[in-house]
Amino acid sequence: DENDICEPISHSVLDNIKWEDYDAVVISDYCKGFLNEDDIKYISLKHPLTFLDSKKLLGEWAHNISFIKINFHEYERNEEILKNDPILKNKTIITRGKYGCEFQEKNYPTKEVPVKDVSGAGDTFLAGLVHNYTSTKNIESAIEFAQQCTIIVIQKTGVSTI
């Protein structure tokens, strides 16, 4: 994956989206060159409910994102930034595998299960989080649901659906 790159998105594409037609916007950014920080900031200003999963170092460009999901490795890369930026820290959910996840300095433990494959676990967590949050508007409920979804997927071999 690290050597894959793509053409940047055209701003005319972003300008033509009818943002009000969507309940939420999910930005999965794996640093392939498709989105830059300005694009993500633009999207977050266009829609009131945005979720971000990014491999980029976080910064002010993410202040308008509603929720940011990062894994523990990404947290370690962003730890100093989050310590010094309460806006980002307050909206960041850190997934920690068998140690659950953290949000606003609270740990949400998960059930330990036999793991067959963690491929897609982060994407499953994000999908479950968004799905539940858009219907409940309760982030704690959404985190718990996302963890339940992830538990199902990691017990299967290969990338799978629930």
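Reader: What makes C31 partly exposed?
Author: This is a predicted model, so every value here is computed from predicted coordinates. C31 has a relative accessibility of 37%. Partly exposed covers the range between buried, under 20%, and exposed, over 50%. The value 37% falls in that range, so C31 counts as partly exposed.

Reader: Where is C31 found in the chain?
Author: C31 is in the loop between strand 1 (25-29) and helix 2 (37-46). Its phi is near 55°. That is a positive value in a residue other than glycine.

Reader: How many disulfides does the structure hold?
Author: The structure holds 0 disulfides. Take C101, which is in no disulfide. Its nearest cysteine sulfur is that of C149, 12 Å away. A disulfide needs two cysteine sulfur atoms within 2.5 Å.

Reader: Why is C101 called buried?
Author: C101 has a relative accessible area of 1%. Buried means under 20%. The value 1% is under that cut-off, so C101 is buried.

Reader: What makes F67 buried?
Author: The relative accessible area of F67 is 11%. That is under 20%, so F67 counts as buried. F67 lies in strand 3, residues 67-71.

Reader: Which residues is F67 in contact with, leaving aside its neighbours within four places in sequence?
Author: They are L49, T50, F51, L52, K91, I93, F103, Y133 and I139. Take K91 from that list. F67 and K91 are 24 residues apart along the chain. Their C-alpha atoms are separated by 4.9 Å.

Reader: How do you know that K137 is exposed?
Author: K137 has 51% relative accessibility. Exposed means over 50%. The value 51% is over that cut-off, so K137 counts as exposed. K137 sits in the loop between helix 5 (121-136) and helix 6 (139-154). Its phi is positive, about 55°, although K137 is not a glycine.

Reader: Is I87 buried, partly exposed or exposed?
Author: I87 has a relative accessible area of 41%. That lies between 20% and 50%, so I87 is partly exposed. I87 is found in helix 4, residues 86-91. The C-alpha atoms of I87 and A62 are separated by 9.1 Å. Along the chain, I87 and A62 are 25 residues apart.

Reader: Now the whole chain. How many helices and strands does the protein chain have?
Author: The protein chain has 6 helices and 6 strands. From the N terminus on, the elements run α-β-α-β-β-α-α-β-β-β-α-α.

Reader: How do you know that the radius of gyration agrees with a compact globule?
Author: A compact globule with 162 residues would have a radius of gyration near 15 Å. The protein chain has 16 Å, which agrees. Its C-alpha atoms fill a box of roughly 45 × 35 × 35 Å, taken along the principal axes.

Reader: What share of the residues is buried?
Author: Buried residues make up 41% of the 162 residues. The accessible surface comes to about 9,400 Å². Carbon and sulfur atoms account for 50% of that surface.

Reader: What share of the contacts joins residues at least 24 apart?
Author: The share is 54%, among contacts between residues at least 6 apart in sequence.

Reader: How far apart are the mean positions of the positive and negative charges?
Author: They are 5 Å apart. The protein chain has 18 positive and 26 negative charges.

Terms used. Residues are numbered from 1 along each chain as its sequence is written. This is a predicted model: local features need pLDDT of at least 70, side-chain atom pairs count only at pLDDT 80 or more; totals for chains, interfaces and linings use all residues. Side-chain values use heavy atoms; hydrogens and water are left out. Buried means under 20% relative accessible area, exposed over 50%, partly exposed in between (1.4 Å probe, protein chains only). Helices (H or I, at least four residues) and strands (E, at least two) are DSSP runs, numbered from the N terminus. The radius of gyration is taken over C-alpha atoms; the globule rule is 2.2 Å times the number of residues to the power 0.38. Contact means heavy atoms within 4.5 Å. Accessible areas come from the Shrake-Rupley method with a 1.4 Å probe; for residues, only the protein chains shown count as cover. Lys and Arg count as positive and Asp and Glu as negative; His and the chain ends are not counted. The place of a charge is taken as NZ of Lys, CZ of Arg, CG of Asp or CD of Glu.
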